[in-house]
Amino acid sequence: QVQVVESGGGSVEAGGSLRLSCTVSGLTFDEHAMSWFRQAPGKEREGVACIQGIGGYTYTGDSVKGRFTISRDNAKETVYLQMNSLKPGETTLYYCGGNRASFCAVGYVFREGVYDYWGRGTRVTVSS
């Protein structure tokens, strides 16, 4: 049984930083690209960043480019999201998703249909 567990959320002031973690068990971790998503109430889930299984290739969404960095440690079966210069509008639930493929395919990298595994999310609150 695959388990995906996010952690690291919390409260921070605008301009501050947080690092989210997502630990996965029950699958061959390096065979799957991993992504971070976020979803505010009443809005569609938004893809934030993707990292391929091996090799370090990443894809970052335009809204967070230059501020957020995705990384992974395959030995620890964990993917991270370093978030800097956080904005109040980024207060929401952040999710980790496991792609059925090992790569981040530009064009449909954040299409939810290619993700088979999801965590329950970790909440981030950014105060002004």
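Predicted model: local features only at pLDDT ≥ 70, side-chain atom pairs only at ≥ 80, totals over all residues.
Start with the main core. The largest nonpolar core holds 24 residues, and Trp-36, Leu-81 and Met-83 have the most contacts inside it. Strands S3, S4 (34-39), S5 (46-51), S7 (68-73), S8 (78-83), S9 (92-99) and S11 (122-127) each put in at least two residues. S3 gives the most, with four. There's also a second, separate core of nine residues, with Ala-33, Phe-37, Cys-50 and Cys-104 among them.

As for Met-83, setting aside neighbours within four places in sequence, its contacts are Gly-16, Ser-17, Leu-18, Leu-20, Arg-67, Phe-68, Tyr-94 and Val-124.

Back in S3 (residues 18-25), we find Ser-21. Ser-21 counts as buried because its relative accessibility is 15%, and the cut-off for buried is under 20%. Leaving out residues up to four places away in sequence, Ser-21 touches Val-5, Glu-6, Ser-7, Trp-36, Thr-78, Val-79 and Tyr-80.

| Partner of S11 | Bridges | Direction |
|---|---|---|
| S2 (residues 10-13) | four bridges | parallel |
| S9 | three bridges | antiparallel |

Down at the residue level, Gly-10 has Val-124 as its bridge partner in S11, while Tyr-94 has Thr-122.

How values were computed. Residues numbered from 1 in each chain as written. Heavy atoms only, no water. Buried < 20%, exposed > 50% of the residue type's maximum accessible area, 1.4 Å probe, protein only. Contact = heavy atoms within 4.5 Å. Core = buried A, V, L, I, M, F, W, Y, C linked by side-chain atoms within 4.5 Å. Pairing = 2+ DSSP bridges.
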